[in-house]
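Please keep the sequence and the coordinates at hand while reading.

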Amino acid sequence: MAAPSGEQIYREVQDYYGKELQKSEDLQTNACVTLARPLPTFIKEALKCVHDDVVSRYYGCGLVIPECLETCWILDLGSGSGRDCYMLSKLVGEKGHVTGIDMTDTQVEVAKKHIDYHMKKFGYQVPNVDFIHGYMEKLGDAGLKDESYDIVISNCVINLSPDKRAVLQEAYRVLKAGGEMYFSDVYASCDLPEDIRKHRVLWGECLGGALWWKDLYRIAEEVGFCPPRLVTASRITINNKELESVVGDCQFVSATFRLFKVPKKGPAERCQVIYNGGITGHEKELEFDANFTFKEGEVVEVDAETAAILQSSRFAEEFLIRLAAGRAPGGCCPAKVKEKIVDPFQLVEHLEAKDLAPKPAGCCGPKGCC
């Protein structure tokens, strides 16, 4: 039996999330889980504002909420019933905007039905959120223009796409210069064999279409992004004997990455950066990724790539950036720095060894959290 075609995958995913799943509890694995990380108070308050009907029809692996969001234009790929979109609608403010795109009609209908409720809840005169039916591999067909968004998010849906390169290519196209793709998804420890890829339930439950993590790095850079920056990861366990037998020795993690669309110009040297503590909810420190945490007022030496990202993105006003002490442009002999963690499986092992790994907090599925 051949692996499923793109059109077959679309149909089966639409049926799975539009007909078979009516609520989070209908999922058959815990492949997509909520990471038990402390949430800032302002995000908890935004989540409380989301209508119960939206939350109950939302399936995914935790919260995908980046920092520094005021006035941003954000696109949510695979927005489902709109939970993340409505939270972001509150966080970006009335001058920002959030667009959700999903290929499942029934999910889009649920999301649209509650626009007025949320705008009244937030006190907005004009809606700052909209939902469209379409495919994340074909954003142009949905009318989304080049360089029109500051941030693209995705919550455990890219694994459901038959053409992951097209998803990243389209995200890159619609992002403004300095923009970011911030997304959570399921990744495999290897290139998955065909018997896993053609398994209908494993596809629907986010495992069958999981990308080998090394392929993410390759595809992202080929598309034009800076190398992916690993934020967090947690191990996936499958509490279903039948599915475990199909999966065999393949391992899976749920991981969050950030990809930046950085102009080719930028610092070519290591720099020192100082965080000013101006980001809402992260005033004392900013956990940027698995390798860098910036504390307010503290001098941190960063590599040229990180410096370029901070200088070219929406984070530029939040940092003082200068060449590393004692270095002149074109200087030599950079200080030796520790090797970055790029492998999500290595990060999980590192966190588990320190008993810091995020713990599964319930089965959720490919569009949200319990």
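In which hand, left or right, does H2 pass H4? The crossing of H2 over H4 is right-handed. The model in which this crossing is found is a predicted one.

## The chain as a whole

The protein chain holds 13 helices and 15 strands. Of its 370 residues, 57% are buried. Contacts between residues at least 6 apart in sequence were also sorted by separation: 80% of them join residues at least 24 apart.

## Helices H2 and H4

The axes of H2 and H4 come within 9 Å and cross at roughly 120°. On the H2 side the contact is made by Phe42, Ile43, Ala46 and Leu47, and on the H4 side by Arg83, Met87, Lys90 and Leu91. By class, the residues of this contact are 6 nonpolar and 2 charged, with no polar ones.

H4 spans residues 83–92 and is mostly covered, with 9 of its 10 residues buried. The buried residues are Arg83, Asp84, Cys85, Tyr86, Met87, Leu88, Ser89, Leu91 and Val92. Gly93 follows H4 and has a positive phi, near 85°. Glu45 belongs to helix H2, which covers residues 41–48. With a relative accessible area of 37%, Glu45 is partly exposed. The C-alpha atoms of Glu45 and Met87 are separated by 9.1 Å, although the two residues are 42 residues apart along the chain.

## Helices H7 and H10

H7 passes H10 in a right-handed crossing.

From H7, the residues Arg165, Leu168, Gln169 and Tyr172 take part; they meet Leu216, Arg218, Ile219, Ala220, Glu222 and Val223 in H10. The residues of this contact comprise 6 nonpolar, 1 polar and 3 charged. An α-helix has 3.6 residues a turn, so residues three or four places apart point the same way.

## Parallel strands around E5

Strand E5 runs over residues 149–155 and is mostly covered, with 6 of its 7 residues buried. E5 pairs with E2 in the parallel sense over 4 bridges, and 6 bridges join E5 to strand E6 (residues 175–188), again in parallel. Which residue of E5 is the bridge partner of Ile74? The partner is Ile151. Ile151 also stands opposite Glu180 in E6.

An open sheet of 3 strands has the order E13-E10-E14, and its pairing is antiparallel. The edge strands, E13 (299–302) and E14 (319–323), each pair on one side only. Ignoring direction, neighbouring strands of this sheet are turned by 30° against each other on average.

E10 (residues 271–275) is joined to E14 by 5 bridges, and the two strands run antiparallel. Within this pairing, Val273 has Ile321 of E14 as its bridge partner. Helix H12 (residues 304–312) lies across E10, E13 and E14, and runs at about 140° to E14.

## Two cysteines with positive phi

Most residues other than glycine have a negative phi. Cys68 has a positive phi, near 60°. Cys68 sits in the loop between helix H3 (52–56) and strand E2 (73–77). Is Cys68 buried or exposed? Cys68 is buried, because its relative accessible area is 13% and buried means under 20%.

Cys206 likewise has a positive phi, near 80°. The loop that holds Cys206 lies between helix H9 (200–204) and strand E7 (211–212). Cys206 is buried, with a relative accessible area of 0%.

Methods. Residues are numbered from 1 along each chain as its sequence is written. This is a predicted model: local features need pLDDT of at least 70, side-chain atom pairs count only at pLDDT 80 or more; totals for chains, interfaces and linings use all residues. Side-chain values use heavy atoms; hydrogens and water are left out. A crossing is left-handed if the near helix is turned anticlockwise from the far one by less than a right angle, and right-handed if clockwise. Contact means heavy atoms within 4.5 Å. Ala, Val, Leu, Ile, Met, Phe, Trp, Tyr, Cys and Pro count as nonpolar, Asp, Glu, Lys and Arg as charged, and the others, Gly among them, as polar. Two strands pair if DSSP finds at least two bridges between them. Axes are lines fitted to C-alpha atoms, for helices over the stretch in contact, and angles run from 0 to 180 degrees between N-to-C directions. Buried means under 20% relative accessible area, exposed over 50%, partly exposed in between (1.4 Å probe, protein chains only).
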